[in-house]
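Please keep the sequence and the coordinates at hand while reading.

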Amino acid sequence: MEKITRLALLITTAIFLLCKPISGQSPAKSPAPGGPVDIIAVLKKAGQYTTFIKLLKGTQVSDQINSQLSGSSQGITVFAPTDSAFSSLKTGTLNSLTSEQQLHLVQYHVLPAFYTISQFQTVSNPIHTQAGNSENGQYPLNVTTSTSNQVNITTGVVNATVSNTVYTDGQLSVFEVDQVLLPLDIFGTATAPAPAPVADSKPVKSVDQDSDDAPAKSKGPDDDDDSGALSLKSGSIGGLLFAGAALLAVF
């Protein structure tokens, strides 16, 4: 009887020990919510994108990106300038833009397709952005890669480099860029350097030029010669007549 009691006790203890870890273990992580990742959440987690996040929200481009991710099979690629990149802009640059220009500026950083770093090696330039159709000359963006697989971006106003991969999941790619991508369509005229002044490029007015601010025109040698010649001719004829009359009087 004692053996049976011990056996029952051992079985009970074994069952308790087996059940305790199961009931006391940490709960499994809840699966990620269905649907695509939120672009704002990605940037907030990465940090150093405060200004870009404000622009994404203010222009509602973040909602546009999230909507496209949920309904598009092509994916989205985002070039995200850091706060340091924005701070390097001239003071008041963003505030000087209209609401429409700010919208196009943010959309210029978004490609309506998913790209990896290696895929930029075979991309056809100029790349189409959300800001406009580059095939029609709107908001052209050129992307090239070097032998070290470094991605360089040219807008016609600035040259930028992809300095880090922030996020990629096969549907959304977010790449950090070291410069704000300033489109030529917005900043081309305003930021183009003024041409250097050319010495003596302004034509000098001739003193013979008839104008109110030109010096008074003096008689030239030719003018004096003409009037003098006329006087000489008149005097010569008069002298001849006078001499002829004197001779007739003598005779």
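Thr 77 has Leu 111, in S2, as its bridge partner, and the strands concerned, S1 (residues 76–81) and S2, run antiparallel and are joined by 2 bridges. This is a predicted model, in which local features need pLDDT of at least 70 and side-chain atom pairs count only at pLDDT 80 or more, while totals for chains, interfaces and linings use all residues. Residues are numbered from 1 along each chain as its sequence is written, and side-chain values use heavy atoms, with hydrogens and water left out.

**The sheet**

- Strands S2-S1-S6-S5-S4-S3, in that order, make up an open sheet of 6 strands with mixed pairing; strands here are DSSP runs of E with at least two residues, helices are runs of H or I with at least four, and both are numbered from the N terminus.
- Two strands are taken to pair if DSSP finds at least two bridges between them.
- Strands of a sheet pair through backbone hydrogen bonds, either parallel or antiparallel.
- S2 and S3 each have a single partner strand and stand at the edges, so one side of each is left without a neighbour in the sheet.
- S4 and S5 run antiparallel with 3 bridges between them, and Ile 153 stands opposite Ala 160 in S5.
- These two strands, S4 and S5, form a hairpin with 4 residues between them, and Gly 156 in the turn has a positive phi of about 100°.
- S5 and S6 also run antiparallel, joined by 5 bridges, and Asn 164 is found opposite Glu 176 in S6.
- The hairpin of S5 and S6 has 3 residues between the strands, with Gly 170 in the turn showing a positive phi of about 90°.

**Helices against the sheet**

- H2 lies across S1, S5 and S6 and runs at about 40° to S6; such angles run from 0 to 180 degrees between N-to-C directions, with axes as lines fitted to C-alpha atoms, for helices over the stretch in contact.
- Helix H4 (residues 61–71) lies across S1, S2 and S6, running at about 150° to S1.

- His 109 belongs to the loop between helix H6 (99–107) and strand S2 (110–111).
- The relative accessibility of His 109 is 1%, so this residue counts as buried; buried means under 20% relative accessible area, exposed over 50%, and partly exposed in between, with a 1.4 Å probe and protein chains only.
- A polar atom of the His 109 side chain lies 3.0 Å from the backbone nitrogen of Leu 181.
- Leaving aside residues up to four places away in sequence, His 109 touches Phe 52, Thr 77, Val 78, Phe 79, Pro 81, Val 180 and Leu 181, where contact means heavy atoms within 4.5 Å.

**Aromatic pairs**

- The structure holds 5 aromatic pairs; rings of Phe, Tyr and Trp (its six-membered ring) pair if their centres lie within 6.5 Å, and planes under 30 degrees apart count as stacked, over 60 as edge-to-face and the rest as tilted.
- Tyr 108 and Tyr 139 form a tilted pair, at 6.1 Å centre to centre and with 55° between the planes.
- This pair links distant parts of the chain, 31 residues apart, with Tyr 108 in the loop between H6 and S2 and Tyr 139 in the loop between S2 and strand S3 (142–145); both Tyr 108 and Tyr 139 are buried.
- Phe 120 and Phe 175 form an edge-to-face pair, with 5.9 Å centre to centre and 65° between the planes.
- That pair also links distant parts of the chain, since Phe 120 is in the loop between S2 and S3 and Phe 175 is in strand S6 (residues 172–177), 55 residues apart; Phe 120 and Phe 175 are buried.
- One aromatic cluster is formed by Phe 79, Tyr 115, Phe 120 and Phe 175.

**Backbone details in the loops**

- Asn 125 is joined to Pro 126 by a cis peptide bond, with omega near -5°, and Pro 126 is in the loop between S2 and S3.
- Gln 48, a residue other than glycine, has a positive phi near 60° and is in the loop between helix H2 (39–46) and helix H3 (50–58).
- Asn 149, also a residue other than glycine, has a positive phi near 70° and is found in the loop between S3 and S4.

Key: A polar contact is a pair of N or O atoms within 3.5 Å; within protein, one must be able to donate a hydrogen and the other to accept it, and residues adjacent in sequence count only if both atoms are side-chain atoms.
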